[in-house]
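Hi,

Here is the structure I promised to pass on to you. Please open it and keep it beside you while you read.

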Amino acid sequence: MKYAKWHLPPDRYFDPDPAQRRIAQELYEAVADLPLVCPHGHVDPSLFVDENATFGTPTELLIIPDHYVFRMLYSQGIPLEKLGIPCVDGGPVEQDHRRIWQIFAENFNLFRGTPSGIWLANELHGVFGIEEKLTGETAQAIYDQIADRLDTPEFRPRALFERFNIEVLCTTDAATDSLAHHQAIRDSGWKGDVRPTFRPDAVVNLLTEGWRENVDALSDVSGIDVHSYATFIQALRERRAFFKSLGARATDHDAQSAYTAELSLAEADAIFQRAMHGQVTPKDAHRFTAHMIMESARMAIEDGLVMQIHVGSVRNHNQPVFERFGRDRGCDVPGRSEFTHNLRPLLCKYGNDPRLTFIVFTLDESVFSRELAPLAGHYPAMRLGPPWWFHDSLNGIRRYFESVMETAGLQNTVGFNDDTRAFPSIPTRHDLWRRASANWIAGLVVRSIVDMDDAQEMILDTAYRLVKQAYRFE
C-alpha cells in the first residue's frame, strides 16, 4: 500500500515573491552547512559519557521528554498517563511504548502549522530518513524504522552530535550539580565539545520547593558551610569558578519578573536567615531574587561568565497537573513583563561596563520594540536573546526581526540558540532560524535597504558569528 510522503522542498518557508525567494535561497545556501553553536539548552550530558549510549525507544526519544509534544496532545484531552509521563508519586502510567507511539501518530494532525510540526517533519525525514508521513496507519512501520536506526552505531548520541556538525553544545546545570557527567566526557577523550551552564535558581529563589535541602546540597558540593548570606555568596563564587574550570561560558537565571534592586548586606542577610528558619515571605523572596540578579551581574564582571536571564514564564499554571506530574509538564504560560523600570537599577550600575554581557530573553513579545530594543540599542552590556520557547517559530522569528532590528541593530542581538531537551531537533531548529533569517535579509535586499554584500555579511552573523562573539567562544 502506498502512503502519502513528506514534501519538504529546498526553498521552503521563503517569501512567495520570486525575487525575494531567489535571494533568500542564495543566502541560506551560503550558511546551511556551517557548524552549529548551541550556547543554551537542556540536553542531558549523560548521553555523551559513553560512546555506546543509546536514546532508548522512539517514544523515549521523541515523546516522553518533549513537553512541546505532550502539551498539544493533553490539550485535546489525552491524559498524560496514557503518554507515559511519570507521576510524582510513582503511580501507574502507560508502559507500552508502541501504544504511546500509536496515540501520537493518530493525533499527528494536531501539529499541522505549528513549529513542532515543522521540527518533527524535519526530524523524521531529515534525521531518520522516513519517507512516509506519520499517521495511524503508518505508525508501527515507522516506529520499527526508527527503532532499527537507533540500534545502529550511526545513531548513537555521539555519532549524531558529529553528524549534526555541532561545534559546541552547552547544557543547563544546577548550582549544586557535581558535573560528574561533564568530567567523564572530558576524561573519555572524545573530541565533542559539551560544556555546562551555571543555573542557581533552586538556591536563589527562596520559595523553590526543597529550598533548604538545596542550600544544604550547596554546602556539601562547595565545601563551604552555608549559614549566612556572606557564606552563601562565597559558595556561589566557588561553584561558578568550578563550572568555569569545566568550560562553562555562561550562567542562566529564570525569573517571572525582571525586577532588580540592591539590598544592603544587613537586609540581604536578614532575609536569608528568615528563609533558613522557614519564615520567608513572598515579599522577601521577590526582593532577594531582585538583589541576586544584581549580585550575579557583579560576579559576571568579576569572572567573565556571560549572564542570561529568561523572564516571563508563569510556571506550573495547571496546579493539578503540577501536583501529579511535577515541573516541566507543558503547563507554563507566558505572562506580561516590564523591563524599562525593572532593569534600571542593574543597568545603571553595571550596564555601562563592557566587561559584562547581559542577554535578556522574554516570553512577552509586546515589549520587544517598546522596551527591549531601545535598551539593548543603548547599554553596552545588554544584548537581546532570540525568540524563546513559544516564539521560536517561523512567525515568531519574523515578528522578532520586525520588532527589534530597526532600533537595536543586528549587532546587539546574539544569533540563535535552540533551548531544547529534544536532541534530534537541534539541527532542524537551527535550519528554521537560518531560513527565516535569510528570508528577512532577502526582504531588505529587494527593498534596497541593504545590498547583497551587506546581506552576505548579515546572514553569516545571524547564523554563526554573533553567537560565537556573544558567548565568548572565539
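Below are some notes on a sheet, a helix pair and some aromatic rings.

This is a predicted model, in which local features need pLDDT of at least 70 and side-chain atom pairs count only at pLDDT 80 or more, while totals for chains, interfaces and linings use all residues. Residues are numbered from 1 along each chain as its sequence is written, and side-chain values use heavy atoms, leaving out hydrogens and water.

Let's start with the sheet. It is open and has three strands in the order β1-β2-β4, paired in parallel (strands are DSSP runs of E, at least two residues, and helices runs of H or I, at least four, numbered from the N terminus; two strands pair if DSSP finds at least two bridges between them). β1 (36–38) and β4 (194–195) are at the edges with a single partner strand each, so one side of each has no neighbour in the sheet. Two bridges join β2 (residues 166–170) and β4, and cysteine 170 has arginine 195 in β4 as its bridge partner.

Next, the aromatic rings. The whole structure holds 29 aromatic pairs (ring centres of Phe, Tyr or Trp, the last by its six-membered ring, within 6.5 Å; planes under 30 degrees apart are stacked, over 60 edge-to-face, the rest tilted). One of them, phenylalanine 272 with phenylalanine 288, is tilted, at 6.4 Å between centres and 35 degrees between planes. It links helix α12 to helix α13 (residues 282–303), 16 residues apart. Both phenylalanine 272 and phenylalanine 288 are buried (under 20% relative accessible area with a 1.4 Å probe, protein chains only; exposed is over 50%, partly exposed in between).

Enjoy exploring!
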